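Colleague: I am new to this one. Could you show me how to read its main features?

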Amino acid sequence: MKMRYLCYIALWAVVVLLAGCGGHRGELTLDEAKDDGIPFLQEMGIDVRPLITDEQINLWAMSHDSVPRPRVLLPDSSAMRLLKALPEAGVGQDTARVYIVGVRPLQQGNVLVAYVLQAGSEQRVVIVTYSSEGAMVDAIDVGVANGATREGMWNYAAGGEIFSDSISCRVSDGNELLLTRVSSCQLVADTAGAEPARWRMERSYVYSILQNGTFELVQAKTVKLRGTLGEGDPSMATFDMMDLLRYPHSAHGLMPRLDFLATRASNQGSRDFTAVVYQLYSRNPRPFLTWMGENPGNHVEAVFRQLVDTGVVPRDQLLQEIKQVPGQAARNQLLELVGGSAGQHSTMA
């Protein structure tokens with residue numbers, strides 16, 4: 001009896017040990033990451049321990065420095081490997097430098113990495129999540145960031161005005177990301193700081209970080225607007241339109257919002273809105289097209305058809321992408337929308 005009791009204890013200890021190992025799932029605590037780095041980055045020879053923090057990550061600060069510090073400059077080969085799933089980032093094409101500016105371990109072994117991509121005078125900020133093995137899971141394109149410049153984030157000439165941006169993010173409990181972007185406009189004559197900014201816009205974005213490492217944008221709002229937007233300045237509708245580009249690449253909730261904004265009179269026929277639709281399509285065609293095919297009669301159709309008819313979206317490329325859309329009915333709807341032939345219908349059956 002005593003021997004059987006001891007065996008039960010030993011067996012229970014083994015079960016507890018195995019359960020503990022299985023439940024760990026490769027998760028990395030903040031302290032472990034600070035001491036040992038991120039395994040898949042360490043294997044690539046990239047030491048990001050100075051960038052690992054539970055505090056706010058300043059992705060971009062209003063200053064003349066090209067990127068915030070501390071930072072880690074990536075070799076071209078590493079940048080290609082880590083960002084190859086983001087072709088619009090231009091890595092290996094026209095991006096001169098890629099910096100890692102912040103790292104944060106997440107739940108379920110996932111890791112958040114924040115980048116600044118520098119191409120000439122343009123600085124683009126991107127936030128990416130990876131699995132514990134280093135596979136890209138999701139991304140947020142935070143957009144172009146400006147330090148004192150005469151070109152605003154909307155790329156229009158400002159004359160005697162200076163635009164600047166500040167971007168920060170904070171991860172809470174490994175499952176929520178708060179992203180804050182502050183954009184301001186100041187007259188050149190007031191850059192010494194004697195006068196307040198002519199206007200100052202603060203936009204706040206709250207994302208849930210799901211257990212699989214993808215993002216879901218749950219809130220986008222204006223935190224504060226100081227000053228008055230005048231004639232020639234971006235309107236509130238412009239800020240709302242730019243918010244579309246802050247949706248994650250996984251596109252949770254994006255298409256219904258895009259559909260709603262397509263009904264606004266100010267966006268109908270707007271070149272800026274059409275450009276945003278193209279960006280959202282091109283960065284991740286499959287979920288974009290799948291939604292379009294599954295929701296006939298949506299308000300995005302007219303804008304997208306214009307992109308196809310003018311050749312901005314190459315028809316041959318589009319037909320190949322439609323083949324990847326799940327569901328024959330959705331594929332048929334897309335082919336009808338873009339003027340596909342009956343023969344193309346049959347080849348996709």
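**Reading the core, the strands and a helix pair**

Modeller: Start with the core. This is a predicted model. Its largest nonpolar core has 57 residues. Those with the most contacts inside this core are L59, I127, L177, F288 and F304.

Colleague: What is the general idea behind such a core?

Modeller: In soluble globular proteins, nonpolar side chains tend to be buried together.

Colleague: Which residues is I127 in contact with, leaving aside its neighbours within four places in sequence?

Modeller: The list includes L59, L112, V113, I140, L177 and F215. D138 and C169 are also on it. Another core, of 27 residues, lies apart from the largest one. Among its residues are V48, V98, L117 and V128.

Colleague: Now the strands. How should I read them?

Modeller: In a regular strand the side chains alternate between the two faces of the sheet. Here, look at strand 7 (residues 161-172) and strand 8 (residues 176-187). They pair in the antiparallel sense over twelve bridges. D165 stands opposite S183 in strand 8. Three residues lie between the two strands of this hairpin. In the turn, D173 has a positive phi of about 55 degrees.

Colleague: How many bridges join strand 8 to strand 9?

Modeller: Ten, and the two run antiparallel. Strand 9 covers residues 199-209. Its V206 stands opposite L178.

Colleague: And the helices: how do the axes of helix 6 and helix 7 cross?

Modeller: At roughly 165 degrees, coming within 12 Å. Angles over 145 degrees count as roughly antiparallel, so helix 6 and helix 7 are roughly antiparallel to each other. Their crossing is left-handed. L254, L258 and L261 of helix 6 make the contact with F273, V277 and L280 of helix 7.

Technical notes
Residues numbered from 1 in each chain as written. Predicted model: local features only at pLDDT ≥ 70, side-chain atom pairs only at ≥ 80, totals over all residues. Heavy atoms only, no water. Pairing = 2+ DSSP bridges. Helix = DSSP H or I, 4+ residues; strand = E, 2+ residues; numbered from the N terminus. Core = buried A, V, L, I, M, F, W, Y, C linked by side-chain atoms within 4.5 Å. Buried < 20%, exposed > 50% of the residue type's maximum accessible area, 1.4 Å probe, protein only. Contact = heavy atoms within 4.5 Å. Axes fitted to C-alpha atoms, helices over the stretch in contact; angles between N-to-C directions. Parallel < 35°, antiparallel > 145°, perpendicular 65-115°, else oblique. Left-handed = near helix turned anticlockwise from the far one by under 90°.
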